[in-house]
Amino acid sequence: MSTTMRSLRSARLGAIVLVLLTLAGAYHLGFFARVAEPKILAETLVEMGAWGHLVFILAYTVLQPFGVPGTIFIVAAPLIWPWPTAFTLSMIGTMAASVVGFSFARFVAKDWVSARIPDRFRKYDASLERSAFQTVVVLRLILWMPQALHAFFGVSKVGFWTHFWGSFVGYVPPLLLVSYLGSEMFDASGRIQPGAWPILAGLLVASLLIAVLARAHGRRRSSARLSDAQRLV
């Protein structure tokens, strides 16, 4: 085994150990209990004062890619802060967690992760080949930030920056909606209120419409490229 391969293997092993130690430390310090539901997380962050902003981002970044639902964070944020602050922190945390999940799957444990990607994501491989940016935007817009989606993008052929900016665009509408209407959608305990269902239904319809338009646009571009190629022949 070459020196480069040994170094790469050692780096990957070190990253895995660091992740495991970080998760073990978070568990030992009770972080998992404190992010069990939005109300508990909100109370914890309020107690921290100004440090709550930093802790929110760090906890989101470290814990969400490895099992803690991101919705707990984005629901807790508007329970604590004004919507512009909640939106900004939610975007930073969501993007950071997405980058960590993507990078871990691509650079650290690609083979292990690839074997465990759900089949429902595999069907989007062809779409990523044809129109990577649009596919990332649509999947983020509809599915948000599940850990399996981070991993799928990490083991796919989509480029890092295509994933980054596609995720950013896809995250803006749902995170803006939750941040702005958080008090109307969730109660103090983070439970969804009846009035939230029409809002979520509207978001779903809008997301599906965008997905259909993006797919139609992608097909038109593919047809145009095919026609140009045939004319050149």
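User: Is Ser114 buried, partly exposed or exposed?

Analyst: Relative accessible area decides this: buried means under 20%, exposed over 50%, and partly exposed in between, with a 1.4 Å probe and protein chains only. At 28% relative accessibility, Ser114 counts as partly exposed. Please note that this is a predicted model, in which local features need pLDDT of at least 70 and side-chain atom pairs count only at pLDDT 80 or more, while totals for chains, interfaces and linings use all residues. Residues are numbered from 1 along each chain as its sequence is written, and side-chain values use heavy atoms, with hydrogens and water left out.

User: Where is Ser114 found, and with which residues is Ser114 in contact?

Analyst: Helices are DSSP runs of H or I with at least four residues, strands are runs of E with at least two, and both are numbered from the N terminus. Ser114 belongs to helix 7, residues 110-114. Contact means heavy atoms within 4.5 Å. With neighbours within four places in sequence set aside, Ser114 is in contact with Arg122 and Val155. Its C-alpha atom is also 8.8 Å from that of Gly154, 40 residues away in sequence.

User: How many helices and strands does the protein have?

Analyst: The secondary structure comes to 13 helices and 0 strands. Of the 233 residues, 40% are buried. Among contacts between residues at least 6 apart in sequence, 76% join residues at least 24 apart.

User: How is the length of helix 10 checked against its number of residues?

Analyst: The expected span of a helix is 1.5 Å times one less than its number of residues. For the 12 residues of helix 10 this gives 16 Å, and the end C-alpha atoms are 16 Å apart, which agrees.

User: Which residues of helix 10 are buried?

Analyst: An α-helix has 3.6 residues a turn, so residues three or four places apart point the same way. In helix 10, the buried residues are Gln134, Thr135, Val136, Val137, Val138, Leu139, Arg140 and Leu141. Thr135 counts as buried because its relative accessibility is 8%.

User: What does the side chain of Thr135 reach?

Analyst: A polar contact is a pair of N or O atoms within 3.5 Å; within protein, one must be able to donate a hydrogen and the other to accept it, and residues adjacent in sequence count only if both atoms are side-chain atoms. The side chain of Thr135 reaches the backbone oxygen of Ser131 at 2.8 Å. Beyond its neighbours within four places in sequence, Thr135 is in contact with Ser127 and Leu128.

User: Which residue with a positive phi follows helix 10?

Analyst: Trp144 follows helix 10. Its phi is positive, about 70°, although Trp144 is not a glycine. Trp144 lies in the loop between helix 10 and helix 11, residues 147-155 for the latter, and is buried, with a relative accessible area of 16%.

User: Which residues does Ser167 touch?

Analyst: Ser167 is placed in helix 12 and is buried, at a relative accessible area of 0%. Not counting residues up to four places away in sequence, Ser167 touches Met95, Val136 and Arg140. With Arg140 there is a polar contact between the two side chains, at 3.0 Å.

User: How many salt bridges are counted, and which residues form a salt bridge?

Analyst: Side chains of opposite charge can pair when their charged atoms come close. The rule for a salt bridge asks for a side-chain nitrogen of Lys or Arg within 4 Å of a carboxyl oxygen of Asp or Glu. By this rule the count is 1 salt bridge. Lys157 pairs with Glu129, with the closest N and O atoms 3.7 Å apart. This pair links distant parts of the chain, 28 residues apart: Lys157 is in the loop between helix 11 and helix 12, and Glu129 in helix 9, residues 125-130. Lys157 counts as exposed at 76% relative accessibility, and Glu129 counts as exposed at 54%.
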